[in-house]
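This briefing goes through one chain by topic. It begins with the sheet, then turns to the whole chain and to single helices.

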Amino acid sequence: MNINADKISKYDAWFLEIYRLWKKCRKLKSELMSANSRERYIILNFFRYLKKIILDDFKLVILYIIFVLFFSVFYITFEWSEGLRKIDKYLDMAVSTVPLLLEEDFHDRALGSESISFEEELKNRKKINSFVKTINLEWVYTLVNYRGKYYFSAPTVTDEEAEEIERWYFYPYDDVPRFFQRCIY
């Protein structure tokens, strides 16, 4: 069996070495089968012992691979859940901070399209936008449920959005996700 040694990996070389050893042992075993019974007994026991060692090592390798796979799955699952827990904690912190940025009675007064003045909306918009930049979020907003429909009461507004629509207070939020609606109640 001729194999180019440059084209095989270290792992393949290990298996190739075992194969060569096995071939030598088979050759030696066949040569020694012609020897007397005492020598044959010693040689056969040696081969049984060698076979046992190789199989035990193989079992250990398999156990090691199973352990590594199990540990990897456990660690990835743990890290994933830990990451989600950290994100939830971060978002909870953001959600609990937003009402502190607004006036204490803001949502008590936010009952209609003319309830909040444009000046107060701009002041809230500035606070919310700076908060979003500070904690590195994409957007934050508060909603008002008015007659079964949802409206923005204090949203994050980019400069481009402010040029498109001047007043974002009580702007309708038409595509509210269902899970979001369930969370509100």
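How many bridges join strand S2 to S3, and do the two strands run parallel or antiparallel? In this predicted model, two bridges join S2 (residues 149–152) to S3, and the strands run antiparallel. The chain as a whole holds six helices and three strands.

**Sheet**

- The three strands form an open sheet in the order S1-S2-S3, with antiparallel pairing.
- Strand S1 (143–146) and strand S3 (171–172) are the edge strands; each has a single partner strand, so one side of each lacks a neighbour in the sheet.
- Tyr151 lies opposite Pro172 of S3.
- Strands of a sheet pair through backbone hydrogen bonds, in either a parallel or an antiparallel manner.

**Whole chain**

- Along the sequence, the elements follow the pattern α-α-α-α-β-β-α-β-α.
- The chain has 185 residues, of which 22% count as buried.
- Among contacts with a separation of 6 or more, 51% are between residues 24 or more positions apart.

**Helix H4**

- Helix H4 covers residues 118–135, and its 18 residues should span 26 Å at 1.5 Å a residue; the end C-alpha atoms are 26 Å apart, which agrees with that expectation.
- The buried residues in H4 are Glu120, Glu121, Asn124, Arg125, Ile128, Asn129, Phe131, Val132 and Ile135.
- Viewed down the axis of H4, these buried residues fall within an arc of 165 degrees, so they line one face of the helix.
- An α-helix has 3.6 residues a turn, so residues three or four places apart point the same way.
- Exposed residues Glu119, Lys126, Lys133 and Thr134 are on the face of H4 turned away from its buried side.

**Leu91 and helix H2**

- Leu91 belongs to helix H2, which covers residues 37–101.
- The relative accessible area of Leu91 is 38%; because this value lies between the 20% limit for buried and the 50% limit for exposed, Leu91 is classed as partly exposed.
- Leu91 and Leu137 are separated by 46 residues in sequence, and their C-alpha atoms are 9.2 Å apart in space.

Technical notes: Residues are numbered from 1 along each chain as its sequence is written. This is a predicted model: local features need pLDDT of at least 70, side-chain atom pairs count only at pLDDT 80 or more; totals for chains, interfaces and linings use all residues. Side-chain values use heavy atoms; hydrogens and water are left out. Helices (H or I, at least four residues) and strands (E, at least two) are DSSP runs, numbered from the N terminus. The expected span of a helix is 1.5 Å times one less than its number of residues. Buried means under 20% relative accessible area, exposed over 50%, partly exposed in between (1.4 Å probe, protein chains only). The arc is that of the directions from the helix axis to the C-beta atoms. Contact means heavy atoms within 4.5 Å. Two strands pair if DSSP finds at least two bridges between them.
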